[in-house]
Amino acid sequence: MRYAFLDEEAKKEIRRSILKAIAIPGYIVSFASRELPVARGWGTGGLQITLAIINETDKLKVIDQGCDGSVNAVNIRNFIKSVTDVDTTIDTKEATIIQTRHRVPEMELQEGQTLVFQVPIPDILETVEPNLGKQKLLHANADYSKLWVLLYEDTSMYGDSRISNRYPVMVNKRYAMDPSPIPKYDTLKLNNCKALQLFGAGREKKIYAIPPYTNVMPLKFEDKDFSVENFNGHCCGKCGSTHSFLDEVYDDDGVVNYYCNDTDYCDKEQEMKGDK
Amino acid sequence: MILDMKNVSKVFGKFCSKCLETTGASYNSSICPTCKSVVGVNDVNLTLSDGEVLGIVGESGSGKSTLLQLIYQDQKASLGEIFIKAFKGRDGKEKNILDADLNELSYLRNSIMSMIYQNPRLGLNYKFSAGGNIAEKVIMSGNKKYQEIRDRALYFLEKTEIPVSRIDDYPEYFSGGQQQRIQISKALSSNPKILLLDEPTTGLDLSVQAKILDLIKELQHEIGFSMIIVSHDLGVIKHLTDITVVMKNGQIVERGLTDQILEDPQHPYTQLLVSSIL
């Protein structure tokens, strides 16, 4: 078995794609998505990026919807551990590579960290232009009018955009990018982030990236504000946090509870409160 | 001079050296006898001044619409140069729009020129609402303020006599004439310098035709853009244009003031055309 499962040629090719993606923030780079022991569409894009950049000194964290303990996250973490023998962690601060599905950790990321997103649909234009060739042309031309019209129509009919996740962002004032299905709540965290952010779509064979300290702005009209989810004053039932993304959980009696979606953040908050 | 076309040709097919010489009105054919290419537009020179309205008439297949598409860059000319006053290269000199790159092209098509097609399906996006269609053009010309975009859409819908309460309806729920008027709203919403009209009223009933022509004429007087209108309906040409060119087999066979051409046609083909008004 080779280190990090993929053969060296494959890793080289993926790294080359990553470098190109970093050089052109938000631009979608094709790569040869390899077969993995996981079916495509189950995080293979993020997995291949992680496998291509990981080495013995890294500390790995894998989350699925903010949770370190979900089946998907556990299996991916175990797999990477079994082929690389790197240390794993659930601590956001300690981790050097964080592979994530559909969330950005609540805790602010730091320089030197890499956030790897699993992406189902890499091209944001997919929603308005199904033809791949035309999508490329629109990107080349920076013609995002169709996304704007979508925003216009939502605004005129509903007062605001109806997009709850995968909110389109403009990277470095040039490319419109799909931030993967992170909630609208996380969109603003991409901007000027200290960590390197890599996006991999295994099924669609695409890689793109946001280098550290890059301008990432949600697509919005100049005279309209960008609003994120609000939780109507609810706070986390476990740690009491009022400024984190909350999950709505129904218990057996049908009572609604609100808990932090990011379990590591919630644990840390509880620890801090317990210490006091 | 807002538009200046020099020796513009468009050939569909192989394009041999004999194509342009052996076709045209004097040969009564658009097909090159040597290589069988179809010559759509054959060595056309055309100029348009600020605020001028030019009509292009001719039989079907004479290259009228192709000529218009060459200006709007729906198709690339095979030969020649096209200059537009407002369009300059990086060095500040007037630039041939045939050499324009993608970004410049989108600027040309969104801010300088607008096209109104015979069939509103070509000019409108039926997946967007009427307001959305207008918004698309306004956004492409650089405005990113919601309220201004909305107001502009309302303004032009009102101008074209579409009930403003229907701004969020989709084009397919409008009648043919209304769709055409939405297309006109869209085309005008970016404040174009040149408006290109490809048989804008063909296929509409007479009362709607008259309304749309009046509307175009009125807006032209009010806003003062230059206009090129292609039609085989001499009534439309007479009603709207200052000067007229007559095309046959890809060539311009006669040009002059519209009254002059209609009252005193010189070229045999023009005479035939004028005499065959029903």
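In what sense do strand E6 (residues 169-171) of chain A and E7(A) pair, and over how many bridges? The two strands pair in the antiparallel sense, over three bridges; pairing requires at least two bridges found by DSSP between two strands. Strands (E, at least two residues) and helices (H or I, at least four) are DSSP runs numbered from the N terminus.

The model is predicted: local features need pLDDT of at least 70, side-chain atom pairs count only at pLDDT 80 or more, and totals for chains, interfaces and linings use all residues. Residues are numbered from 1 along each chain as its sequence is written, and chains are lettered from A and ligands numbered from 1 in the order in which they are written.

In chain A, E7-E6-E10 is the order of an open sheet of three strands with antiparallel pairing. Its edge strands, which each pair on one side only, are listed here.

| Edge strand | Residues |
|---|---|
| E7 of chain A | 175-177 |
| E10 of chain A | 216-218 |

Within E7(A), A:Tyr175 is the bridge partner of A:Val171.

The loop between E10 and strand E11 (246-250) of chain A holds A:Phe226. A:Phe226 is partly exposed because 15 other C-beta atoms lie within 10 Å; buried means 20 or more such atoms, exposed 12 or fewer, and partly exposed in between, with C-beta atoms placed from the backbone. Leaving out residues up to four places away in sequence, A:Phe226 touches A:Pro218 and A:Lys220, where contact means C-beta atoms, placed from the backbone, within 7 Å.

The contact between the chains takes 15 residues from chain A and 18 residues from chain B. On the side of chain A that touches chain B, helix H5 (residues 145-158) of chain A gives the most, with eight residues.

Key: Two residues are in contact if their C-beta atoms, placed from the backbone, lie within 7 Å.
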